[in-house]
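Student: I have a model open on my screen and would like to learn how to read it. Could you take me through it feature by feature?

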Amino acid sequence: QVQLVESGGGLVQAGGSLRLSCAASGLTFSRYAMGWFRQSAGKEREGIGCIKISSSSPKYADDVKGRFTISKDGAKNTVELQMNSLKPGDTAIYYCAAVPVKGGLTQRVCYQDALYEMWGQGTQVTVSS
């Protein structure tokens, strides 16, 4: 059974940091790219970054570039999202998702949520001002 399980959300003050983790099971991890998405109240889900498990070059949306870092551990089948300098506008439910990839990881694949086949349950991140 394929499963993605996120953890690490919570409440933090503006300027603070949180680290989210996504544990994958039931899939051949190295064949996938993992994306991070978020959805805040009244807004559409947006992609904030992704990483191809077989490489080490994550991509980031402009809004989080320089503040968020995506990392992976192929041995543990986990990806993490380190979020620094958090802003109230970062408040959202955060999701990890998996998409199988062959070849390079394009921007289109990275940020198009409809292409992702598996999703975690989401974890709430709330940033207070």
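Student: What should I know before starting?

Tutor: This is a predicted model, in which local features need pLDDT of at least 70 and side-chain atom pairs count only at pLDDT 80 or more, while totals for chains, interfaces and linings use all residues. Residues are numbered from 1 along each chain as its sequence is written, and side-chain values use heavy atoms, with hydrogens and water left out.

Student: How many disulfides does the structure hold?

Tutor: A disulfide is a covalent bond between the sulfur atoms of two cysteines. Here the term is applied to a pair of cysteine sulfur atoms within 2.5 Å. The structure holds two. One joins Cys22 to Cys96, with an S to S distance of 2.1 Å. This pair links distant parts of the chain, 74 residues apart: Cys22 is in strand β3 (residues 18-25) and Cys96 in strand β9 (residues 92-100). Strands (E, at least two residues) and helices (H or I, at least four) are DSSP runs, numbered from the N terminus.

Student: Which cysteines make the other disulfide?

Tutor: Cys50 and Cys110, with S to S at 1.9 Å. Cys50 lies in strand β5 (residues 46-52) and Cys110 in helix α1 (residues 107-111), so the bond ties together parts 60 residues apart in sequence. With bonded cysteines counted along the chain, the pattern is 1-3, 2-4.

Student: Is each disulfide right-handed or left-handed?

Tutor: Look at the torsion about the S-S bond. For Cys22 and Cys96 it is about 65°, so that disulfide is right-handed. For Cys50 and Cys110 it is about -120°, so that one is left-handed.

Student: Are Cys22 and Cys96 buried or exposed?

Tutor: Buried means under 20% relative accessible area, exposed means over 50%, and partly exposed is in between (1.4 Å probe, protein chains only). Cys22 is buried at 1% relative accessibility, and Cys96 is buried at 0%. Cys50 and Cys110 are both buried too.

Student: How many residues are in the largest nonpolar core?

Tutor: In soluble globular proteins, nonpolar side chains tend to be buried together. A nonpolar core is a set of buried Ala, Val, Leu, Ile, Met, Phe, Trp, Tyr and Cys residues joined through side-chain atoms within 4.5 Å. The largest one has 29 residues, and those with the most contacts inside it are Leu4, Met34, Trp36, Leu81, Met83 and Tyr94. Strands β3, β4, β5, β7 (68-73), β8, β9 and β11 (123-128) each supply at least two of its residues. A second, separate core of ten residues includes Ala33, Phe37, Cys50 and Ala97.

Student: What is Leu81 in contact with?

Tutor: Contact means heavy atoms within 4.5 Å. Leaving aside neighbours within four places in sequence, Leu81 touches residues including Leu18, Leu20, Trp36, Ile48, Phe68, Ile70 and Tyr94.

Student: How many aromatic pairs are there?

Tutor: Rings of Phe, Tyr and Trp (its six-membered ring) pair if their centres lie within 6.5 Å; planes under 30 degrees apart are stacked, over 60 edge-to-face, and the rest tilted. By this rule there are four pairs. Phe37 and Tyr116 are edge-to-face, 5.0 Å centre to centre with 80° between the planes. Phe37 and Trp119 are tilted, at 4.9 Å and 50°. Ring pairs link Phe37, Tyr95, Tyr116 and Trp119 into a cluster.

Student: Where does the charged end of Arg45 sit?

Tutor: A charge sits over a ring if NZ of Lys or CZ of Arg is within 6 Å of the ring centre and within 35 degrees of the ring normal. The charged end of Arg45 sits over the ring of Trp119, 3.9 Å from its centre, and over the ring of Tyr95, 6.0 Å from its centre. Trp119 counts as partly exposed, at 25% relative accessibility.

Student: What polar contact does the side chain of Gln82 make?

Tutor: A polar contact is a pair of N or O atoms within 3.5 Å; within protein, one must be able to donate a hydrogen and the other to accept it, and residues adjacent in sequence count only if both atoms are side-chain atoms. The Gln82 side chain makes one with the side chain of Asn84, at 2.9 Å. Gln82 is found in strand β8 (residues 78-83) and is buried at 18% relative accessibility.

Student: And where does Lys59 lie?

Tutor: Lys59 is in strand β6 (residues 59-60) and is partly exposed at 23%. A polar atom of the Lys59 side chain lies 3.2 Å from the backbone oxygen of Leu105. Among the residues in contact with Lys59, beyond four places in sequence, are Cys50 and Cys110, the two cysteines joined by a disulfide.
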